[in-house]
Amino acid sequence: MVIRMRTTLAIMICKFVTFICHLFKKNGTVYPGERAIKFFPKVLGKIDYPEYVVVVTGSSGKGSSVSMIAHILENTGKKVIWNKSGSNILNAISTLVLNNTSTFSHKMNADVLLLEMDERFIKETFAPGTITHLCITNITRDQPARNAHPLMVFDSITENLDENIHLVLNVDDPVLNRIKYAYRNEITTFGIAKTKYDAKSLSYPVDFAYCPACHTKLEYSSYHYGHLGVYNCPRCSFSRGKVEYEAEAVDLDKGTFKIQEDELKLNKKVFFAVYYTTLAYTICNLLDIDREKILEGINEKMMETKRGKTYSLDNREIEMLESKNENALSYLQSLNYIKMQKGKKTVVMGFENVSRRYSYNDLSWLWDVDFEVLNDEQIDKIFLIGRFKYDVTVRLEYAGIKDDKIVLVDELENLLGSIKENSKGKIFTMVCFDMTEAITNLLKEVDDEKGN
Amino acid sequence: MKKVIKIAHIYHDLLNLYGENGNVRALRTFIERQGVDCEVHNISFGDKLDFSSYDLYYMGSGMEEAEYMALSELYDYKNDIKNAIENGKTFLITGNAMEMFGTKIRLRSTRNVAGLDIFEYNAVESESRNVSELFYECEELPIDEGRDVVGFKNCNSNIMNNTYDRMFKFPDNIHYKNFYGMMFVGPVCVRNPYFTDYILENLFDELGLKYEPRTDTIEYKAYHEFVNNFIRNSNLD
């Protein structure tokens, strides 16, 4: 009885603090949960969760996967509670859960709770038996100063597994494939078959090049990117094996692929879109969603891509791409995207700080990124900005990019003028969080001047 | 006069966790700027190791699993490695690869992993991951400019009982003959061009070649920019 009372009060606190936050036009995604947890630390263990609690974790692709899954589920009329903002610390999840829970019955008002989560927060957030499906996208080098290395992330994920969880694994990743051999409960696998975009070999470092069982070098028939690909051990039985939900016939020009007999469309013509669409298709099948409805959500009522406002400079289009420092493969995705675009191109890169989480200036990741893909005749100029522009210049020169293609810009306010005068073609910016806003402001000023 | 310098990048696909390929690329670039050819041989686990025919051996950092896997093979070459070091071969060993050359690695579980027992230091696994940005003066560098070495540590252990000569005033490094070991991870040679010159000048000297640092190149510009931005006004370590 006391516990029920405390649960009720914790929910009330969360809802009340959220109301106050909104009253004062504050975001209120973290603080209300913090207050509720402070009042009753075990409150999340007392909630009556919906039938499905789906968590997506991994080094990259969590946010886009969760968006696509939510889009399909909502299209079927399901009530989905999900962390749209990507905020996944304990207090943020608490706010989300408690604000969507009945104050007195303690039942969540949802058919599905869907969360993207950093693996390290799973254990402290949910009691064993709460999560029904855990989807893992990949484990790659990501924020080494924080995560140390991929196997430490792997250990952190496997520590969170309990016997009730249905795992959904991307077995293109050999480190995730290890779980298949150790976990004795339900597992569903997904991946991408060999595509025409794959490489036969790679020129940059790959983790998990060896079989974890017998230490023989894994044989890849194709690499999608990094250590993700189609592989097997030539000596023992460790292999990617038969993949239950496997994307085939990937065509990025048309934006299509197939899973079994189903033709699927991509909402974005980039390789990693195949992964998040395949994962969404897989998990929705596992949640017993009608197949026609899944296809409708993916193909007909296509999810809008997250595109910011598009700008132009002297009638040249500017596309602002995500640039994730310290995650070499994610960074590479953006470089590959630029390479795939037709016509003359100008690229802007740089960052003022390596990370928003810490002040370390660890630049090791620059040497894990395959900047060699920028050796593209269609790239007219590469503009470098920010405090690390000389370090990036070193990396580009080692990648074989000629001096005369690289333009260093000391003062950000001179960037647009320099681009106008010294370069041609569509402009792609690949700057980190700290520079995006500054460039956007410069572009707005240009727009305003035009307006005047 | 010898005109080709051969580098062995040992376990390039196993001990290459934090962009350490940059070190081998920098060594090659710096050597070629001297008008000397450079051959880099990437050695994989299971390949035959030869500790007599290369001029420089490089090994970088790896996940602990990879480190112990590498050790399992290196035990067979222990005497060859020891002889090569005693005979003045150049070894550049960065990150946790340095641990392997000591007597043992003591794990938190109190289990010991035997090292190659070439040096008398040992490694002790720490309670939590050691992550820090380190700036140390390398007093062995002949000039003031460039003495601040920019390093990054990201490993599970500390080096103990290290009584050998050191390049920097912190325990996790060693300079013995032409063996340079340090627990710094990442592209140390790219980020510290004066330090790279120092190692290569010694190597060139051993080989009877002349070495002229090319301080007008981009690595030096990047180094000075970083030092000005982050070390001059920094309280870090």
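Helices, of at least four residues, and strands, of at least two, are DSSP runs numbered from the N terminus. The structure is a predicted model. The pocket holds about 600 Å³ of space, and the helix pair consists of H12(A) and H6(B), whose axes come within 8 Å.

**The second largest pocket**

- Its lining comprises 25 residues, of which Leu202(A), Ser203(A), Tyr204(A), His12(B) and Asn42(B) are the closest to the centre of the pocket.
- At least two lining residues each come from strand S7 (219-225) of chain A, helix H1 (21-32) of chain B and strand S2 (37-43) of chain B.
- The most is given by H1(B), which supplies six residues to the lining.
- By class, the lining has eleven nonpolar, eight polar and six charged residues.

**The helix pair H12(A) and H6(B)**

- The crossing in which H12(A) passes H6(B) is left-handed.
- On the side of H12(A), the contact involves Tyr390(A), Asp391(A), Thr393(A), Val394(A), Glu397(A) and Tyr398(A); these meet Ile218(B), Glu219(B), Lys221(B), Ala222(B) and Glu225(B) in H6(B).
- Five nonpolar, one polar and five charged residues make up this contact of H12(A) with H6(B).

Technical notes. Residues numbered from 1 in each chain as written. Chains lettered and ligands numbered in written order. Predicted model: local features only at pLDDT ≥ 70, side-chain atom pairs only at ≥ 80, totals over all residues. Heavy atoms only, no water. Axes fitted to C-alpha atoms, helices over the stretch in contact; angles between N-to-C directions. Left-handed = near helix turned anticlockwise from the far one by under 90°. Contact = heavy atoms within 4.5 Å. Nonpolar A, V, L, I, M, F, W, Y, C, P; charged D, E, K, R; others polar. 1 Å grid on protein atoms, 1.4 Å probe; cavity = no way out; pocket = protein on both sides within 12 Å on 5 of 7 lines; lining within 4 Å. Points joined across faces, edges and corners; volume = space filled by probe spheres on them.
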